[in-house]
Amino acid sequence: MAAVLPPEPTTLNAPASVVTSSAAAAAAKIAVILERHERDMTMIHHPEFRGHCESCNDAVLGSDGVSYKFDNLTRYYHQKCFRCHICTQSLRDGGEFFLHVGNPHCIACYQEKVLGCCDACGKVLMSQQGVLRARSKKFHPATCYVDMFVPNCGSCTKKILPDVEGQAVTTIDWKGKKYHAQCFGCVDCSKIFTDLKAYQIDGNLFCKNCHSIRTKKGTRVSVGSQQE
Ligand SMILES: [Zn+2]
Ligand SMILES: [Zn+2]
Ligand SMILES: [Zn+2]
Ligand SMILES: [Zn+2]
Ligand SMILES: [Zn+2]
């Protein structure tokens, strides 16, 4: 099923989401923690020591640092070393940055290179809108995904969308078409088919009664656009 996965914009020092990891990755992580710990111990008596820079490996001292948490570890950078992982543009000025696999990215690289493009319209996915991942593709959630995958009602032809509170709507699935529950009714008398007993003439739905009236007359009038 589809799930909306909004990418998480991260501001300085905000905790980043924790990624799940396999056993091998967990072992590798422990090795990294131990190695860091050993390295950090050599500096531990320095009053200004904060951690070792992820980029240049030198000690980060006092206020010359930027830090954030990723995967339960605090990552430190020198101000000058705090750069976009892809384009290396400086991120030191405290603006928004985005974490991907633990590495900081500027907004442009995050959108264009990490999020990539919508598989429906081909345009760049925006971090603020969120990304809808479904069928191993990714889409603009509110527009492109809806256009491609949300079915149209067989009666009113509008999209069958969740209501405003985000609750799932009752969709009637009938003979290969989908209908809003409130649209699944007789064209002539407006009776809603609560028992799924509907009769079709030229794609329009009728209750048993109205259907027999129409067919008895032998008219089989095509109804054209439906009346309310
Ligand atoms: Zn550094
Ligand atoms: Zn960048
Ligand atoms: Zn799109
Ligand atoms: Zn409808
Ligand atoms: Zn009827």
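(The cut-offs: buried is 20 or more other C-beta atoms within 10 Å of a residue's own, exposed is 12 or fewer, partly exposed is in between, with C-beta atoms placed from the backbone.) Cys56 sits in the loop between β3 (49–52) and β4. Keep in mind that this is a predicted model, where local features need pLDDT of at least 70, side-chain atom pairs count only at pLDDT 80 or more, and totals for chains, interfaces and linings use all residues. Residues are numbered from 1 along each chain as its sequence is written, while chains are lettered from A and ligands numbered from 1 in the order in which they are written.

**Around Cys56**
- Setting aside neighbours within four places in sequence, Cys56 is in contact with His78 and Cys81; a contact here is two C-beta atoms, placed from the backbone, within 7 Å.
- His78 is 22 residues from Cys56 along the chain, and their C-alpha atoms are separated by 8.4 Å.

- The chain has an average pLDDT of 81, and 82% of the residues score at least 70; pLDDT is the predictor's confidence in each residue, from 0 to 100.

**Overall make-up**
- The chain has four helices and 14 strands; these are DSSP runs numbered from the N terminus, with helices (H or I) of at least four residues and strands (E) of at least two.
- Of the chain's 228 residues, 21% count as buried.
- Take the contacts between residues at least 6 apart in sequence: 29% of them join residues at least 24 apart.

**The main core**
- The largest nonpolar core holds 23 residues, and Tyr77 and Cys106 have the most contacts inside it. Such a core is a set of buried Ala, Val, Leu, Ile, Met, Phe, Trp, Tyr and Cys residues joined through C-beta atoms within 7 Å.
- β4 (59–61), β6 (73–78), β7 (97–100), α2 (107–115) and α3 (141–149) each give two or more residues to this core.
- The core lies between domain 1 (3–114) and domain 2 (116–148), because both give residues to it; the domain bounds come from an automatic or database domain assignment.
- Away from its neighbours within four places in sequence, Tyr77 has contacts that include Cys53, Val60, Val66 and Phe82.

- β5 (residues 65–70) pairs with β6 in the antiparallel sense over six bridges, and Tyr68 stands opposite Arg75 in β6. Pairing requires that DSSP finds at least two bridges between the strands.
- Two residues separate β5 and β6 in their hairpin, and Asp71 in the turn has a positive phi of about 55°.
- β9 (residues 131–134) and β10 (residues 137–139) are antiparallel too, with three bridges, and Ala134 stands opposite Lys137 in β10.
- That hairpin also has two residues between its strands, and Arg135 takes a positive phi near 50°.

**Lys177**
- Lys177 is in strand β12 (residues 177–180), and counts as partly exposed because it has 16 C-beta neighbours inside 10 Å.
- Pro151 is 26 residues from Lys177 along the chain, with 8.7 Å between their C-alpha atoms.
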